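This report describes a two-chain structure for a reader who is new to the subject. Please look at the sequence and the model before reading on.

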Amino acid sequence: MEEKNTKAKKKPSKKNEFDFCKVCRFHHDHGPRHKYFPRHKELLSAFLNRFRSKIADVRFFLKNPSFLRPQEESQNRVWCVFCDEDIVDLGSSFACSKAINHFASSEHHKNIKQFLWKHGPSMDCVDDFKISDADVAKWVRKCTALGNKDASSCTGQLSRTSSDIHNKFEFERTEKETHFFNPNNLNDVKPLLYNTNEYQISHSGVTHYGSHLNVDATQLPPGVIGMTSNSSSHSGDSSGNVHSGAPPPWLTPNDGNIFNQSEITRVQEKIPVKTTSKLNPHRVGAAWAERRKIEMEMEKRGEAVNSNTDADWLPNFGRVWQSGTRKDSRKEFEKEKRKLVVTAESISMESEEQKLVKTESISVESEEPVQIQPYVSKRALCHLPFVILIFSQRAMKSGE
Amino acid sequence: MKPPKKKFESFPFCLGLLKRQIRDHREKMESVLLPTLTKKEEIDRIINNTIDKVLVLRFGRTSDENCLLLDDILEKSARDVSKFATVALVDVDSDQVQVYVNYFDITLFPSTVFFFNAHHMKLDSGTADHTKWVGKFHEKQDFIDVVEVIFRGAMKGKMIVHCPLPPERIPKFQLLYKDV
């Protein structure tokens, strides 16, 4: 009766629903006790350390605000693991400005607490992942100071680049380009999320846009401002470029170009062909196999190969009645063969009666008394009766 | 009165028979492809040219009944093991092959010797001679199992492997050292 009571008292274990652990990256039904598992703790510490390093980068820009160049906007992005969103610095003039604002926001704080409550055993490290309002205020002051200082120099730079663009594309644009870029269409053009390549820029009618560059830089769509003086430097030297439709330099016949097809084949021939295989390097005869493959490829190409297989070649073979290594057994066989040849020559010179010497010469080698023991393998031990039968038969034969 | 039999009632049976005939004919055609070696150079060449595959050399003569039975099994299984093994037949009656017959200590026929990357592979089948397989195989699958075990052992770096067959399927013989 008592046992039944104890059994009834034991509540059946609750079967938790399957839940996905973001840290361990797998589904489990452990429930809330999963966060105390040692493996989860290890992964969590690694997970948080990774995010700490990202926040450290952002804190660097918090202490040292710098201007964000438009072509680097798409590269300046951070994934917030607590909020599950990508923070991209689009349309911002200072590096990591959106990231700093995000990490200082109350929603981010709330998500950190929620994450640590769900995954982490302790709430001590909340401050590591957020930026305080005081720091943000300092950063804003630094940015404004920096902005006032460099305002004039920045606009000067932009105008210079704009004039370069204006001059450059007026000369290089061909008559085929009929697309006219209307500034009224600016509102219809959606801002680009990524840097455009030169092809996109050439077809966006940038040349006509050059006259409208009195507008403030921040109001321009980012894709167009992606043009810098770098692009002008590349195409200035050659006779044509992508915009003019000239062939790429690697396809034009050029003496200095090392990528001629004939030279490529010459270079490839000089490179020794290394056969890389995924086979076990410790397999039997691996070294021999690799050497043989290289020899066969050289033979295919028609090169002369020193062939080791002469008429007397024999593979290493572990003979039945010899002990020692396989090389020793081969050497022994070669000795026997030589002796056979010598004795065969002697027989041809002598009469027929001396043919017995041949058989005697072989037996002379093994003059040492050999203890003959019957061979019994491990398998035979299992079948003892069968073995005993054989022995008895032998004994009977010897008795006869 | 019984209704007349429909013509196509026996059609599946005929089709099965036809398929079996086609398969047998195809196997016969493929059995012609097993090379028979009669010279030492040919044996040397096949040993040197078989890379990363087991080389199965059968030493025997076509007049022997056991050899013919073994050859039948080898021919039928050659295609199945072609990805990891090459099978060749050696005629022991040829003069040029006698050096190998003496070197490999072949006294009983048929005898099958195994190589991998020009290295001799030994097989412990519970008999007195681990250097070769003496006699015929009970069935195709036995031969395939033996070759597979040799290949697996060779790929792991082992030069001697244990035979996977039960003792009743292994041919028994006695090795006599100088008639003792």
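In this predicted model, B:Asp52 counts as buried because its relative accessibility is 11%, and a residue is called buried when that value is under 20%. The side chain of B:Asp52 meets that of A:Lys293 in a salt bridge, with N and O 3.1 Å apart. B:Asp52 sits in the loop between H2 and E2 of chain B, while A:Lys293 belongs to helix H11 (residues 286–301) of chain A, so the pair joins two chains. B:Asp52 also forms a salt bridge with A:Arg283, and here the closest N and O atoms are 2.8 Å apart.

**The contact between the chains**

The count of salt bridges between chain B and chain A is 3. There are also 15 residue pairs in polar contact between chain B and chain A, where both residues have pLDDT 80 or more. Several elements of chain B each supply at least two residues of the side that touches chain A: helix H2 (40–49), helix H4 (98–103), strand E4 (111–116), strand E5 (119–124) and helix H5 (140–155). The residues on this side of chain B divide into 23 nonpolar, 14 polar and 12 charged.

In terms of residues, 49 of chain B are in contact with 38 of chain A. The area buried between the two chains is about 3800 Å², and carbon and sulfur atoms give 63% of that area.

**Salt bridges within chain B**

Over all chains, the count comes to 20 salt bridges. One of the pairs within chain B is formed by the side chains of B:Arg61 and B:Asp93, with N and O 3.0 Å apart. B:Arg61 lies in the loop between E2 and helix H3 (65–77) of chain B, and B:Asp93 lies in the loop between E3 and H4 of chain B, so this pair ties together parts that are 32 residues apart in sequence. B:Arg61 is partly exposed, with a relative accessible area of 28%, and B:Asp93 likewise counts as partly exposed, at 46% relative accessibility.

Another pair is B:Lys140 and B:Asp80, whose closest N and O atoms are 3.6 Å apart. This pair links distant parts of the chain, since B:Lys140 is in helix H5 of chain B and B:Asp80 is in the loop between H3 and E3 of chain B, 60 residues apart. B:Lys140 is partly exposed, having a relative accessible area of 29%. B:Asp80 counts as partly exposed at 44% relative accessibility.

The table lists salt bridges named in this report.

| Salt bridge | N to O distance |
|---|---|
| A:Arg283 and B:Asp52 | 2.8 Å |
| A:Lys293 and B:Asp52 | 3.1 Å |
| B:Arg61 and B:Asp93 | 3.0 Å |
| B:Lys140 and B:Asp80 | 3.6 Å |

**A covered strand and a covered helix**

Why is strand E2 (residues 54–60) of chain B described as largely enclosed by the rest of the structure? The reason is that 7 of the 7 residues of this strand are buried. In a regular strand, side chains alternate between the two faces of the sheet. In E2(B), B:Val54, B:Val56, B:Arg58 and B:Gly60 point one way, whereas B:Leu55, B:Leu57 and B:Phe59 point the other way, and all are buried. E2(B) is joined by 7 bridges to strand E3 (residues 85–91) of chain B, and the two strands run parallel. Within this pairing, B:Phe59 stands opposite B:Val90 in E3(B).

In chain A, helix H3 (residues 97–104) is mostly covered, with 6 of its 8 residues buried. The buried residues of H3(A) are A:Ser97, A:Ala99, A:Ile100, A:His102, A:Phe103 and A:Ala104.

**The chains as a whole**

Chain A has 15 helices and 4 strands. Of its 400 residues, 25% are buried. Among contacts in chain A with a separation of 6 or more, residues 24 or more positions apart account for 54%.

Chain B has 5 helices and 7 strands, and its elements run α-β-α-β-α-β-α-β-β-β-α-β from the N terminus on. Buried residues make up 45% of the 180 residues in chain B. Among contacts in chain B with a separation of 6 or more, residues 24 or more positions apart account for 74%.

Methods:
Residues are numbered from 1 along each chain as its sequence is written. Chains are lettered from A and ligands numbered from 1 in the order in which they are written. This is a predicted model: local features need pLDDT of at least 70, side-chain atom pairs count only at pLDDT 80 or more; totals for chains, interfaces and linings use all residues. Side-chain values use heavy atoms; hydrogens and water are left out. Contact means heavy atoms within 4.5 Å. Buried area is the accessible area (1.4 Å probe) that two parts lose on being put together, summed over both. A salt bridge is a side-chain nitrogen of Lys or Arg within 4 Å of a carboxyl oxygen of Asp or Glu. A polar contact is a pair of N or O atoms within 3.5 Å; within protein, one must be able to donate a hydrogen and the other to accept it, and residues adjacent in sequence count only if both atoms are side-chain atoms. Ala, Val, Leu, Ile, Met, Phe, Trp, Tyr, Cys and Pro count as nonpolar, Asp, Glu, Lys and Arg as charged, and the others, Gly among them, as polar. Buried means under 20% relative accessible area, exposed over 50%, partly exposed in between (1.4 Å probe, protein chains only). Two strands pair if DSSP finds at least two bridges between them.
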